[in-house]
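Hello,

Here is the structure I said I would pass on. My notes on it follow below the model.

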Amino acid sequence: MKHTILFDREAHDWNEAIPVGNGFLGAMIHGGARRERLQINEDSVWSGGPMNRSNPDAARTVGRVRSLLLDGDVEGAQRLAERSLYSTVPDMRHYEPLGDVWIDFPDYAGDDGGDGGPDGGRAGAPAVRRGLDVDEAVAFVDRMSGGSDSAMVEDFGCDPSLHAECFASNPDDVLVYRIESVDGKTPFSCTVTASRNDVHNGLIWRCEGVGPIDDRTIRLHGVNGGADGIGYEMAVRVIADDGEAARTGVTIDVTDARSVTVLIAGRTTFRTSDPAGWCMAALDAASARSYGQLRARHIADYRALYDRGAITFDDDIKDPSLESLPTSQRLRRVADGGTDIGLWETYLAFGRYLLISSSRPGSLPATLQGIWNRDYEPAWGSKYTININAEMNYWFAERAGLGELHTPLLEHVRRMDARGREVARAMYGARGFVAHHNTDIWGDCAPQDACMTASVWPLGGAWLSLHIAEHYRYTRDRAFIDRYFDVLRDAVLFFTDTMIRDADGYWAVGPSLSPEHAYRTADGRDGVLCIGSTMDNQILHDLFGQYLAVAHDLGRDDDDLAADARERLAGLRPTQIGADGRIMEWPRDRADTEPGHRHFSPLFALFPGHDIRVDRTPELAEAAAAFIKRRMEHGSGATGWSKAWVIALYARLRDRGQVWSNIVRLLADSTLDNLFDNHPPFQIDGNFGAVAAMYETLLQDYGDEAFVLPALPDALASGHAHGVVLEAGASVDLSWRDGRVRELILTGLRDGEVRLTGPSGAFVDVLFTAGQRITVDPTVLHGK
């Protein structure tokens, strides 16, 4: 099956545009009939330079906030925290667009569609067919000049006049947009221009050259955030075959061409002191290659990643007649009760596409919107929210064999370490590294916003540090962990310095909270701050345990910090079950102020953690199920990323029916027509979280033991998974039929062993060496 996202019209808004990206440079392609808009992002275009935002009164008052909480004076603690712990500047830097490239087609007479808006539905307007070939990472737009009668729009029964393709090449560092006359003979004309509609600096037009100005290249540049901000550059080159190109100002007019190739490069001073020179060099190098060479190099680079971790379903459970429908119609069918297994397969493929396109070695990590953002003041800054969202972006990277795409997040944690040590000293008078619930391009770690339910949560750096341990568990890369061990150590050191004994004698973090939620006290008042939320304890249980395991591997587990970590680990409050049979969110059994809250914070230990298991902690698993049930009954899971988390949680609970019903709801309620996840607005974490959840239905990995097909929904009864990686050091090729393992081949990535447990509970212990391929007898996994 070919995985394609299809539209039968141009984009009516940004949420219908098609994303392309190479990790650093991205674009949203609108596919206008008369006017093409390429909305361009470069991942290091942010609103300004680094800031010191720590509150100077924090270190002398944080102890008083703790004391008030221990005394039960929540209101007093929160009043003091508002004054002394919130940052002096509430907002970090935020992610911004680089600019726009516009391509107009004057041969198509009539209204130009304005700002790239819809015109395909008006009488006499050109018809458009467009989409994304997910398997090759190439977007396409077919423009048909014969009018927009219903037959043409619905079944594309006529040939297009112009065919365009667009992709973002990682090996060549450019975005490529190619337009050609379909018959190869009929010439066409177009104009190309660039702009940046910055809300702070106004509409920016620049046309300058490096050396002599030629007729093929235009440039746009500026600086965000003043003298200490980020300088940006976008350069656009137009290559016309068998035609003429003439530049006037920031517009290049092309006449009588049979094909036109537009090359776009972008760079900032975040990475180079000379972004203009870098862009021109990239354009020169790309211009020296033919379009066919650029396309082939791009696809080869992409497929080397995309072919890993693939999940497909057998043809006999898919309806091939649906593949030619516009994706919007397929989503509406699902919302109306139809089944579309092929659409879910494409959704999963698209998730891998998005990670490859927005996170590459050397790039910044994927933001709340990956690499794609249209706004200069985007929702939540389009930055890194680290009380789940940034972490969710990378939940499936190691599982899919895409560990190198995890490295931008890990590198960013290293960037945060120095800033986090400054914040630990300034706010808490402590050693080590702390980060709260957001960070930005500079690794800012001070509290973000002035929001009691979110800002004063010091576990963001701890959660991110677990990704260091995860990458090491999957790779056992000694050079990697030697480089990152001090970051992991700093994360532990902060908590050994700052944890206190709570009223019951447990080691706990305070002040803290349960992300973005509030409780009701016994006297009916609302509270947020606490000493030792359940999520805090679960994250720290993981952090201390992972740190000690890594330190043992490195022979560094005999110092004072290791001893302190062991003491804190042993003294953490265990996860508790409340009077109503649910996992408790706070150290006291409190009522929710929002029973349908979108976060499932106290279930961290179920997923992405590993400490709540249906086979080893059945009472906690039952209490977790009760927690989810109540949340969902009151409307939780309404945001896309929350729904993805729900699917993963139900997978860990082995509830196949709930897994499938929530997959259906994710597609029906939380997916935009271009398959972007919808918070709303668009957030990419739901796309990534749903892929991670699907892996959990096929293989649940606890290091020494992996469960095969533990939560596979009946609707997905037959299929294949290729190259799914286990922590034990092996990859698995798995096929199943009617819910039973049909074939399982394990390939050693290093020497190791793992227990594979089948759906019946039967198991087999497998020892393997690096490079060894072992075929596991399926009947053993089914107890026969």
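Ser382 is buried, with a relative accessible area of 0% (buried is under 20% relative accessible area, exposed over 50%, and partly exposed in between, with a 1.4 Å probe and protein chains only). Ser382 sits in the loop between α7 and β18 (384-385), and has a positive phi of about 45 degrees although it is not a glycine. Helices (H or I, at least four residues) and strands (E, at least two) are DSSP runs, numbered from the N terminus.

The model is predicted: local features need pLDDT of at least 70 and side-chain atom pairs count only at pLDDT 80 or more, while totals for chains, interfaces and linings use all residues. Residues are numbered from 1 along each chain as its sequence is written, and side-chain values use heavy atoms, with hydrogens and water left out.

Arg476 is another residue other than glycine with a positive phi, near 50 degrees. Its loop runs between α10 (460-475) and α11, and Arg476 is partly exposed, with a relative accessible area of 41%.

There are two cis peptide bonds to look at. One joins Gly510 and Pro511, with omega about -5 degrees; Pro511 is in the loop between β21 (507-508) and β22 (519-520). The other runs from Phe607 to Pro608, with omega near 15 degrees, and Pro608 belongs to the loop between β24 and α14.

On to helix α14 (residues 618-633). With 16 residues at 1.5 Å a residue, α14 should span 22 Å, and its end C-alpha atoms are 22 Å apart, which agrees (the expected span is 1.5 Å times one less than the number of residues). Its buried residues are Leu620, Ala621, Ala623, Ala624, Phe627, Ile628 and Arg631. Seen down the axis of α14, these fall within an arc of 160 degrees, so they line one face of the helix; the arc is that of the directions from the helix axis to the C-beta atoms. The face turned away from the buried side carries the exposed residues Glu619, Glu622 and Glu633. The buried residues of α14 pack against β24 (591-592) and α15 (640-652), where contact means heavy atoms within 4.5 Å. Just after α14, Gly635 takes a positive phi of about 100 degrees.

Helix α16 (residues 656-669) has 14 residues and reaches 20 Å from its first C-alpha to its last, close to the 20 Å expected. Buried in α16 are Val659, Asn662, Ile663, Val664, Leu666, Leu667 and Ala668. The partners of the buried residues of α16 are α6 (327-335), α7 (341-358), α14, α15 and α17 (685-698).

How do α9 and α11 pack, and at what angle? Helix α9 (residues 403-428) and helix α11 (residues 478-498) meet at about 25 degrees, with their axes 10 Å apart. That makes α9 roughly parallel to α11 (angles under 35 degrees count as roughly parallel). Axes are lines fitted to C-alpha atoms, for helices over the stretch in contact, and angles run from 0 to 180 degrees between N-to-C directions. Among the residues that meet are Leu410, Val413 and Tyr428 in α9, and Phe480, Tyr484 and Phe494 in α11.

Last, Asn389 lies in helix α8 (residues 389-392) and is buried, with a relative accessible area of 6%. Not counting residues up to four places away in sequence, Asn389 touches Leu368, Trp641, Gln683 and Asp685.

Regards

Key: Angles under 35 degrees count as roughly parallel, over 145 as roughly antiparallel, 65 to 115 as roughly perpendicular and the rest as oblique.
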